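Please keep the sequence and the 3D view at hand while reading.

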Amino acid sequence: MSYTPMDTNQLEHQHQHQNVATVLCCNCGAPIDGSTGLVMCYDCIKMTVDITEGIPREANVSFCRNCERFLQPPGQWIRAELESRELLALCLRRLKGLNKVRLVDASFIWTEPHSRRIRVKLTVQGEAMVNTIIQQTFEVEYIVIAMQCADCARSYTTNTWRATVQIRQKVPHKRTFLYLEQLILKHNAHVDTISITEAKDGLDFFYAQKNHAVKMLDFLNSVVPIKAKKSEELISQDVHSGSATYKFSYSIEIVPICRDDLVVLPKKLAKSLSNISQFVLCTKVSNTLQFMDPTTLQTVDLSAPVYWRNSFQPLADVSQLVEFMVLDVEPVGISKGKHVLADITVARSTDLGVNDQTYYVRSHLGALCHSGDTVMGYFVANSNYNSDLFDDLNIDHVPDVVIVKKLYQRKSRKNRNWKLKRMAKEHKDIDASQDYSSKSQKQDIERAERDYELFLQELEEDQELRQTVNLYKSSNPENIEEHGMEEDEDEDAPQIDIDELLDELDEMTLDDNGADEMGEGM
Amino acid sequence: MATRTQFENSNEIGVFSKLTNTYCLVALGGSENFYSAFEAELGDAIPIAHTTIAGTRIVGRMTAGNRRGLLVPTQTTDQELLHLRNSLPDSVKIQRVEERLSALGNVICCNDYVALVHPDIDRETEELISDVLGVEVFRQTISGNILVGSYCALSNQGGLVHPQTSIQDQEELSSLLQVPLVAGTVNRGSSVVGAGMVVNDYLAVTGLDTTAPELSVIESIFRLQDAHPDSISGNLRDT
């Protein structure tokens, strides 16, 4: 340890003699200058006074072998490199008695990483007696205790799930699952999940207890239209006491109809649903399905059990949308909410320079369309559907084109000022012998990206949908200034207000970046 | 002779006792250990009076005196005064002093020939001091400290002042008091030396915490090496 006797807060005398010994040290009798207020000589202070008395010289830190994180009590695990600032902060927080003295400096002393010891050199200042402040440096040794954090312990028990919820939707795209993922994140419905795996047409959730699975089941029931089936697998049975342990599986199938799908309803169903026309567009999917007739603006709701009684497949989905150009809009006069019935003259974008083929369509998008806009729609006249229900329809009553939504020219997706959180999923184990650059894999990846991009665009367009999910501010401040400067961006492109975005509460770190983000958010 | 003792676990001897060449006052304590310490040293030489002053036990700080007289504050009860008069020899004059600064032990520092007083003391009190105690009175501070009685322990042979006193102040005071002075501490570094110990010409009593170097300083400045009660000199010394 080394000491430095520091300045004192003794009042100055008028006649002050520099460095002349006026008193004898009360301990050893060595002459010292008493006018500064010291009553013991420097050596005696060194020998007797220890301001670091209350500070322990050894302490423990816990370290998870698996995920290489340090424990910050009571329960937070922090990732920190050896000899980093976060680790220093963690070590100092562990030390009791450090608040009684003033900390001046702290630094690491190098130790061999395998020795499981961390050594920190601290310099503190404190009051020794009456008027003297002394500064002392000392060393504290931390023993790194290797253990397993709760998360890792949990991850090692994937095979001991007691209940599983398997969600499937037999459609070629994944938009519903993306939306479901955001809903689950917002309502935190995945807290008790042991693990999540992806399967071909959906997701599997694994739970340790049956009632957790039932809770997830109830949650899903309230947000998407589903059909659930429960099955049990007997694991063990005690004949004498009559108790048995089972593994439970809940198979859930989500209705295959998604937003903006073109649907033909069975005749009986259409009649029972306030006599709506059979040829409808699906406008909203929550725990019920909402259909709308684009020619009359009539909407009906269909609940999941009614659907499953006599299920039907959609006629066409979003991947079969064709681009059209609006030539003329004439509102009819009827409007319902944000839908305005209008007669719109459209031509296919690919037809524009080639021929004069136009179509006269009655559509619900009168409010959004102006001449010159591009819209997406189903080209019914040119499509060949494989559906018995469609064949039974009277062809004269079926419109040639059904306009679904407006197409906005968007800039590249990197400039969004908002972002979404993703759920951590376990993917299938990577097999080194497989070839990952094969075409099918690439196609899969591309498809997934396209679906995600579509999903983000949908979120931008529809405010109602946005209410149900959590959007977070993205840390791309430079991009905000560049907005609106490019010519090829459509000025009507839907933007999300910054007020709707939540601040992302990252794990608290000691980084300057972390501090800045927190400062921004407040 | 310098001895160490404690009054009920407190090292501040000068608070609970007053020692002069002709008498000694001690405070009433729970046990009589304190009194025994004095009695062991003083034996039959001088009378030791058990007393309180104004109902308090801080007799050392409330009174000031030398071998000729004793000054007590206004708050001293008649009963206490009577008790003192009975215990002390007749040659000692006892006088009750009407003074705003009633802690006389803090404001007056005296030996048998000279006294230092607090600069704000009353004129009448100053006259009373010079009359009753038979001393020359100086209004002086000890290196900026106005409580002269607390920061200076004085006997006829020498004086101990608090450690922050500069050399210049020490020389000045020494010429005033006509005794050698030294700056030092008592009770392991305490600078309140007047309240930390009592001293007369042949005996000094300090707290139990006093270290050996401190005690050697005290013994050397007060010339206590081989002094005992019989060898007091009552002569005037050259100034």
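## Basis of the model

This is a predicted model, in which local features need pLDDT of at least 70 and side-chain atom pairs count only at pLDDT 80 or more, while totals for chains, interfaces and linings use all residues. Residues are numbered from 1 along each chain as its sequence is written, chains are lettered from A and ligands numbered from 1 in the order in which they are written, and side-chain values use heavy atoms, with hydrogens and water left out.

## The two chains

Chain A has twelve helices and 25 strands; helices (H or I, at least four residues) and strands (E, at least two) are DSSP runs, numbered from the N terminus. Of the 522 residues in chain A, 43% are buried. Buried means under 20% relative accessible area, exposed over 50%, and partly exposed in between (1.4 Å probe, protein chains only). Among contacts in chain A with a separation of 6 or more, 63% are between residues 24 or more positions apart, a contact being heavy atoms within 4.5 Å.

Chain B contains ten helices and 15 strands. Its 239 residues are 56% buried. For chain B, 60% of the contacts between residues at least 6 apart in sequence join residues at least 24 apart.

## The interface

Chain A contributes 18 residues to the contact, and chain B contributes 18 residues. Together the two chains bury about 1400 Å², with 59% of it on carbon and sulfur atoms. Buried area here is the accessible area (1.4 Å probe) that two parts lose on being put together, summed over both.

Across the interface of chain A and chain B there are zero salt bridges by the rule, which asks for a side-chain nitrogen of Lys or Arg within 4 Å of a carboxyl oxygen of Asp or Glu. The rule also finds zero residue pairs in polar contact across this interface (both at pLDDT 80 or more). A polar contact is a pair of N or O atoms within 3.5 Å; within protein, one must be able to donate a hydrogen and the other to accept it, and residues adjacent in sequence count only if both atoms are side-chain atoms. On the side of chain A that touches chain B, eight residues are nonpolar, ten are polar and none is charged. In this count Ala, Val, Leu, Ile, Met, Phe, Trp, Tyr, Cys and Pro are nonpolar, Asp, Glu, Lys and Arg are charged, and the others, Gly among them, are polar.

## Nonpolar cores

The largest nonpolar core has 50 residues, and those touching the most other members are A:Met40, A:Leu87, A:Leu95, A:Ile118, A:Val120, A:Leu122 and A:Tyr142. Such a core is a set of buried Ala, Val, Leu, Ile, Met, Phe, Trp, Tyr and Cys residues joined through side-chain atoms within 4.5 Å. Another core, of 38 residues, lies apart from it and includes A:Leu183, A:Leu203, A:Tyr207 and A:Trp418.

A:Pro73 and A:Pro74 are joined by a cis peptide bond, with omega about 10°. A:Pro74 sits in the loop between strand S5 (70-72) and strand S6 (76-78) of chain A.

B:Ala54, a residue other than glycine, has a positive phi near 55°. B:Ala54 is in the loop between strand S4 (48-51) and helix H3 (59-62) of chain B and is partly exposed at 26% relative accessibility. B:Asn187, also not a glycine, has a positive phi of about 55°. B:Asn187 is buried, at 7% relative accessible area.

## Salt bridges

Over all chains the structure holds 14 salt bridges. In chain B, B:Arg67 pairs with B:Asp112, with the closest N and O atoms 3.2 Å apart. The two partners are 45 residues apart and link distant parts of the chain. B:Arg67 is partly exposed at 26% relative accessibility, whereas B:Asp112 is buried at 4%.

B:Asp78 and B:Arg96 form a salt bridge with closest N and O atoms 2.9 Å apart. B:Asp78 lies in helix H4 (residues 78-87) and B:Arg96 in strand S7 (residues 93-97) of chain B, so the pair ties together parts 18 residues apart in sequence. B:Asp78 is exposed at 55% relative accessibility, and B:Arg96 is partly exposed at 29%. In chain A, shared partners join A:Arg175, A:Arg259 and A:Glu458 into one network of salt bridges.
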